[in-house]
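Open the model in your viewer and keep the selection panel at hand. The stops below go from the whole chain to single side-chain pairs.

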Amino acid sequence: PHVFEKNKTVLNAEEVKKQWNQNKITKSGLEKLHDAMKLSPILASQKIGNFSNGIGFDWENAQQVLLKVDEELQEVKEALQQNNSKEHVAEEIGDLLFSTIQLARHCDLSADYCLNASNKKFQKRFEELYK
């Protein structure tokens, strides 16, 4: 748009990037987010994270995401300590799960794979107790 619009204004490099990202959000972003919601919740969260990364709306590294996970865990603790409604606790746990999935993504891991491995580990330990 900054090249082909008739009534264009001169933009610097940062403004061009911002405009480009904004256009990506408005033209295809909502469709991508809508499509992601048709997937399993874990895969949808990973797709949302990948999309957000593509438009520059993401954490820079895993350490930053880990801080967010810590923050979300604290919010879950507070919601439970304050005996908040079940809906509020569910919202906070959802935020924690979303952040944890983003942490896996930043570590180049599939959250689905990680969870499946933990499920298998639990199953193995449980079976060992009752053999």
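**Whole chain**

Start with the surface: the protein exposes about 10,300 Å², and carbon and sulfur atoms supply 57% of it. Areas come from the Shrake-Rupley method with a 1.4 Å probe; for residues, only the protein chains shown count as cover. This is a predicted model: local features need pLDDT of at least 70, side-chain atom pairs count only at pLDDT 80 or more, and totals for chains, interfaces and linings use all residues. Residues are numbered from 1 along each chain as its sequence is written, and side-chain values use heavy atoms, with hydrogens and water left out.

Switch to cartoon. You see five helices and zero strands, running α-α-α-α-α from the N terminus. Helices (H or I, at least four residues) and strands (E, at least two) are DSSP runs, numbered from the N terminus.

Color by accessibility. Of the 131 residues, 23% are buried. Buried means under 20% relative accessible area, exposed over 50%, partly exposed in between (1.4 Å probe, protein chains only).

**The largest pocket**

Select Pro41, Ile42, Ser45, Gly94, Leu97, Phe98, Thr100, Ile101, Ala104, Ala111, Cys114 and Leu115: they line the largest pocket. Helices H2 (41–54), H4 (86–106) and H5 (111–129) each give two or more residues to this lining. The largest share, six residues, comes from H4. A pocket is an open set of points on a 1 Å grid over the protein atoms alone, where a 1.4 Å probe fits, with protein on both sides within 12 Å along at least five of seven lines; lining residues have an atom within 4 Å of a point.

Which residue classes form the lining? Nine are nonpolar, three polar and none charged.

**Salt bridges**

Next, show charged side chains. How many salt bridges does the structure hold? There are five, each a side-chain nitrogen of Lys or Arg within 4 Å of a carboxyl oxygen of Asp or Glu.

- Pick Arg105 and Asp58, which meet at 2.9 Å, N to O. The pair links distant parts of the chain: Arg105 sits in H4, Asp58 in the loop between H2 and H3 (62–81), 47 residues apart. Arg105 is buried at 13%; Asp58 is partly exposed at 23%.
- Pick Lys38 and Asp35, a bridge of 3.5 Å, N to O. Lys38 is exposed at 61%, and Asp35 partly exposed at 42%.
- Finish with Glu128 and Lys131, bridged at 3.9 Å, N to O.

Key
Ala, Val, Leu, Ile, Met, Phe, Trp, Tyr, Cys and Pro count as nonpolar, Asp, Glu, Lys and Arg as charged, and the others, Gly among them, as polar.
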